[in-house]
Amino acid sequence: ELGPFSVEKHELVGRQAIALNPDIIFFYGEEMEGAYNLAFLERYSGRLVYTADYSELEGKVLGSLETGDLVLLKGSLSMNLNKLAAAIVKSEESSDV
């Protein structure tokens with residue numbers, strides 16, 4: 001979708017995520033691998049997770065949620081993160097997370 005600016009824009013999103021200083025950042029999809037590598041190289045002090053597999057992403061996100069967590073999802077519509085949002089809501093409804 002971003003054409004020749006894809007790498008640059010994905011790295012920018014990674015930098016912006018790092019600047020928020022969350023406990024954990026999940027990088028999902030092949031386009032985000034460079035942003036993950038950048039965060040790793042910059043020695044980000046929080047936990048970093050990268051996967052290109054949606055099922056793995058969902059399992060890791062749901063497995064890491066705790067009561068009171070704030071979750072920010074950023075991705076293009078083609079990444080179908082709406083499925084992850086629905087899974088988080090369903091998890092919250094069933095376990096009071």
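**Pocket lining and ring pairs**

Student: Which element gives the largest share of the lining of the largest pocket?

Tutor: This is a predicted model: local features need pLDDT of at least 70, side-chain atom pairs 80 or more, while totals for chains, interfaces and linings use all residues. Numbering runs from 1 along each chain, and side-chain values use heavy atoms, without hydrogens or water. A pocket is an open set of points on a 1 Å grid over the protein atoms alone, with protein on both sides within 12 Å along at least five of seven lines; lining residues have an atom within 4 Å of a point. The largest share, seven residues, comes from α1.

Student: Which residues lie nearest the centre of the largest pocket?

Tutor: The lining has 39 residues. Nearest the centre are Ile25, Phe26, Leu72, Leu73 and Lys74.

Student: How many aromatic pairs are there?

Tutor: Phe, Tyr and Trp (six-membered) rings pair if their centres lie within 6.5 Å; planes under 30 degrees apart are stacked, over 60 edge-to-face, the rest tilted. The count is three.

Student: What is the angle between the planes of Phe27 and Tyr36?

Tutor: The centres are 5.9 Å apart. The pair is edge-to-face, at 70°.

Student: How far apart in sequence are the parts tied together by Tyr28 and Tyr54?

Tutor: Their ring centres are 6.2 Å apart with planes at 70°, so this pair is edge-to-face. Tyr28 lies in strand β1 and Tyr54 in helix α3 (DSSP runs: E, at least two residues; H or I, at least four). The pair therefore ties together parts separated by 26 residues.

Student: Which residue has its charged end over the ring of Tyr54?

Tutor: A charge sits over a ring if Lys NZ or Arg CZ is within 6 Å of the ring centre and within 35 degrees of the normal. Here the distance is 4.4 Å, and the residue is Lys83.

How values were computed
On a 1 Å grid over the protein atoms alone, a cavity is a set of points where a 1.4 Å probe fits but cannot get out, and a pocket is an open set with protein on both sides within 12 Å along at least five of seven lines; lining residues have an atom within 4 Å of a point.
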